[in-house]
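Below are some notes for a colleague opening this entry for the first time.

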Amino acid sequence: MPIDTALAHDHESPGAHPVIPGQAHDGGVRGAGGPVEERDLVFAGFRYTCRVVRCDTPVTEPLLVLGGSSQDRNSWVRHEKWLSPVGQVITVDLPGYGTADFLPAAYGVDFLAAVVRHLLDELGVPRVNLVAACFGGAIGVRFAQHYPAMVARLMLVGMTPRIPADYAAAMERWAVMIERGETGTIARELAECFMSPPGTGVVRKHAAVSRLVYQQIAGQAPDELAKSAEHNTRLMRHEWYRPEPVPAVPSLVVTGEHDTLTTPAMGREVAATLPEARFLTIGETDHLAPVERIADFADLMARFCADRPLDALPYACRPETLGTAVTVRPAGPTAGRATY
C-alpha cells in the first residue's frame, strides 16, 4: 500500500490560501478530481501503466508527476483534489516499478526518459509541467535534457546531483540481504535513510510515516523484491546526473527542512546547475515531505504550475533564486543580491 494512502488525515497550514479563485477554503476537500482513466501502454516490449485525472477547465499545461522508487502511480491520489482543478494530472508506473513489467538493470535513466516521451506521445500531450521527486528527479532531469520542448515548468523534489556515498554503500549490502530474504532489516534501514534521525528537528507525522515505510518495504511480495533489487543495481550501473543543458523554463527545487538524505545544501546545488531556479524548503518535513504535509505540498505544486506567488507561504521558507543565468551585482547597496 502506498504510504500516503494509509495516512488518515491531512490539513493545510493555517493561513494557506486556495490556488484557484473561488475554490472553497475548506482544507481542499472537494471530493474526487475529474474523470479518471488508466491505460496500459507498451514501449520496447515492456508494459507500463498510467493514471490520468481529467480537468474540464485547465489553467495550465498537464501536470506529470514522476515519483520516487518507493512510489507508484497511486501514491499521489491524495494530492489530486488540489491538483485537478489546475490541470490534467498524469502519474505513471514506468517499466520496472509498481505494477509495470520487470525491467532489467541494463536499461537505465535514458531509457526511462524515453518511456516518458512515449507516454506523452500516446496521450497526445505536447508539453507538461514536470514534477519529479527523488529517483523520479533523475528521470525528470534527463527527460528535460533530451526533450526540452516538452517541458513547460520543472519542479524537482528531494533531488541531489549525486547519490550519497553512504546510501550507495547500503545498496550493495541490501542486494545481498534481498537474496537472503532479510527484508525486515532492509525495511528498518531504509526507513532510517528516508526519515531524519531523532533530534534533527520537528517533522510532521514522523512516527506514523516511519512505521508505514517499514511496513511497506517489509511487506513486499517476491516480484516487488525482485524489482527493488534490480532498481538498486540500476542505480549503481547508470549515471544519476549528467551535466547536459537543461531548458530555461521556470524551475523550482524543493527539499524538506530536515531532509538528511538529500539535504537542503544538495538541493541548492541542483538549483545552481539549472539556468534559473527558485529553491525553498518545506517546514517540519524531511525527505518524505510530499506525504508528511500532503495538503501543503499539493498546494505548492499547484501554485508553481499555475504561476501563483510562492512568497510568504505559511509552510515554506522564502524562495531563493539560483542558477547559471543568475548574476550578482557588484559591491554596493545591493551587493550579493541575485538579479534576473
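1. Arg73 is a reasonable place to begin: with a relative accessibility of 10%, Arg73 is buried (buried means under 20% relative accessible area, exposed over 50%, partly exposed in between, with a 1.4 Å probe and protein chains only). This is a predicted model, in which local features need pLDDT of at least 70 and side-chain atom pairs count only at pLDDT 80 or more, while totals for chains, interfaces and linings use all residues. Residues are numbered from 1 along each chain as its sequence is written, and side-chain values use heavy atoms, with hydrogens and water left out.

2. The partner of Arg73 is Glu38, and their side chains form a salt bridge at 3.1 Å, N to O (a side-chain nitrogen of Lys or Arg within 4 Å of a carboxyl oxygen of Asp or Glu). This pair joins distant parts of the chain, 35 residues apart: Glu38 lies in strand β1 (residues 36-43), and Arg73 in the loop between β3 (63-66) and α1 (80-83). Helices (H or I, at least four residues) and strands (E, at least two) are DSSP runs, numbered from the N terminus. Glu38 is partly exposed, at 41% relative accessible area.

3. In total, the structure has 23 salt bridges. As background, side chains of opposite charge can pair when their charged atoms come close.

4. A further salt bridge joins Asp101 to Arg47, with 3.4 Å between the closest N and O atoms. Here too distant parts of the chain are linked, 54 residues apart: Asp101 is in the loop between β4 (89-93) and α2 (109-123), and Arg47 is in strand β2 (residues 46-53). Asp101 is partly exposed at 26% relative accessibility, and Arg47 is partly exposed at 26%.

5. Arg242 and Glu244 also form a salt bridge, their closest N and O atoms being 3.5 Å apart. Is each partner buried or exposed, or in between? Arg242 is buried at 17% relative accessibility, whereas Glu244 is partly exposed at 28%.

6. Last, the histidine. His79 sits in the loop between β3 and α1 and is buried, with a relative accessible area of 0%. Its side chain reaches the backbone oxygen of Pro290 at 2.8 Å. Apart from neighbours within four places in sequence, His79 is in contact (heavy atoms within 4.5 Å) with Pro290, Ile294 and Ala298.

Notes: Polar contact = N/O pair within 3.5 Å; in protein donor to acceptor, adjacent residues only side chain to side chain.
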